[in-house]
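Open the structure in your viewer and keep the selection tool ready. The tour goes from one selection to the next.

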Amino acid sequence: MRGLLTNFRNFAFSGSLVDLAVGLAIGAAFATVVESLVGDVILPLVAAVFGQPDFDALVLTVNGSQIRYGSFLTAFVSFVLLAVTIMFLVQAIRKATGRETAGAQGNRECDHCKSFIPVDASVCMFCTRDVEPVVP
């Protein structure tokens, strides 16, 4: 029993698990802020342009059954606005922190040994020759 508790304590308080928990908490708080920005600021602006904050009242009746496409439109507009807002926030954070070009992703072929290496590598990890980094 004592070994089980020790293993659980080591697992629960390991660095990566604590980092994951902190990341999830910050992500949840960030999602709340962005949802409030979209719901309380941006959607009222959309309502000012279109005359209503949501389209839930739009219904199509076919053979007595209702197709609530207005609800879908409201969810779709909220999703698009949320995605665009997050995109702009992430771009602003990257520019402010200078991490806009850091951490280039992808692979390319080494000119010498034809092995695949990261695009921002300056030395091939296989043949150890100098290569010019390709910055996208």
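**Start on the helix**

Select Leu-73, which sits in helix α3. Helices here are DSSP runs of H or I with at least four residues, strands are E runs of at least two, and both are numbered from the N terminus. Leu-73 counts as partly exposed because its relative accessible area is 31%; buried means under 20%, exposed over 50%, and partly exposed in between, with a 1.4 Å probe and protein chains only.

This is a predicted model, where local features need pLDDT of at least 70, side-chain atom pairs count only at pLDDT 80 or more, and totals for chains, interfaces and linings use all residues. Residues are numbered from 1 along each chain as its sequence is written, and side-chain values use heavy atoms, without hydrogens and water.

Two elements give two or more residues each, β1 (60-62) and α3 (69-97). Helix α3 supplies the largest share, nine residues. Areas come from the Shrake-Rupley method with a 1.4 Å probe; for residues, only the protein chains shown count as cover.

**Step to strand β2**

Select residues 65-67, strand β2, and pick Gln-66. Gln-66 is partly exposed, because its relative accessibility is 48%. Beyond neighbours within four places in sequence, Gln-66 contacts (heavy atoms within 4.5 Å) Val-59, Leu-60 and Thr-61.

**Go on to Arg-108**

Move to strand β3, residues 107-109, and select Arg-108. Is Arg-108 buried or exposed, and which side chain of opposite charge is nearest? Arg-108 is buried and has no salt bridge; Asp-111 is the nearest such side chain, 4.7 Å away. A salt bridge needs a side-chain nitrogen of Lys or Arg within 4 Å of a carboxyl oxygen of Asp or Glu.

Show the backbone oxygen of Glu-132: a polar atom of the Arg-108 side chain lies 2.6 Å from it. Leaving out neighbours within four places in sequence, the contacts of Arg-108 include Phe-116, Ile-117, Val-131 and Pro-133.

**Zoom out**

Show the whole protein: three helices and four strands. From the N terminus, the order is α-α-β-β-α-β-β. Of the 136 residues, 14% are buried. The protein exposes about 10500 Å², with 64% supplied by carbon and sulfur atoms.

Key. Lys and Arg count as positive and Asp and Glu as negative; His and the chain ends are not counted. A polar contact is a pair of N or O atoms within 3.5 Å; within protein, one must be able to donate a hydrogen and the other to accept it, and residues adjacent in sequence count only if both atoms are side-chain atoms.
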